[in-house]
Amino acid sequence: MAAESRTTVDHDEIRTWVEQHDGVPARVVGTESQEGVGVLRIDFPGGATEDELEQMSWDDWFAAFEEDRLAFLYQPPQDDGEDTTFVKLVER
């Protein structure tokens, strides 16, 4: 059976889920422009290298999240206890 996913724009829900999974807000290095901070990501331990992602404050991350009208798609823990750090930022 495929894992169910959840989509939210609630900042508290996003921050809580990310921090429970030891993640931090980040952006992809080199994608910033005059129009914005660049491509947003969540940096998880063992993920991308420091050269690929730059960590940023939650305030700056959420400001860009709202400006780009994004939603946070993630997989909550499954009934069998399996947990994942699968995250995707999608258009609203």
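## Basis

The model is predicted: local features need pLDDT of at least 70, side-chain atom pairs count only at pLDDT 80 or more, and totals for chains, interfaces and linings use all residues. Residues are numbered from 1 along each chain as its sequence is written, and side-chain values use heavy atoms, with hydrogens and water left out.

## Strand β5

Strands here are DSSP runs of E with at least two residues, numbered from the N terminus, and helices are runs of H or I with at least four. Buried means under 20% relative accessible area, exposed over 50%, and partly exposed in between (1.4 Å probe, protein chains only).

Strand β5 spans residues 70–74, and five of its five residues are buried, so the strand is largely enclosed by the rest of the structure. Leu-70, Phe-72 and Tyr-74 are buried on one side, and Ala-71 and Leu-73 on the other.

## Pairing

Two strands pair if DSSP finds at least two bridges between them. Strand β1 (residues 6–8) runs antiparallel to β5 and is joined to it by three bridges; Arg-6 has Tyr-74 as its bridge partner.

Strand β6 (residues 87–91) is also antiparallel to β5, with five bridges. Here Phe-72 is partnered by Leu-89.

Asp-79 sits in the loop between β5 and β6 and is exposed, at 86% relative accessible area.

Asp-22 lies in the loop between α1 (11–20) and β2 (24–28). Asp-22 is exposed too, with a relative accessible area of 56%. From Asp-22 to Glu-66 the C-alpha to C-alpha distance is 23 Å, and they are 44 residues apart in sequence.
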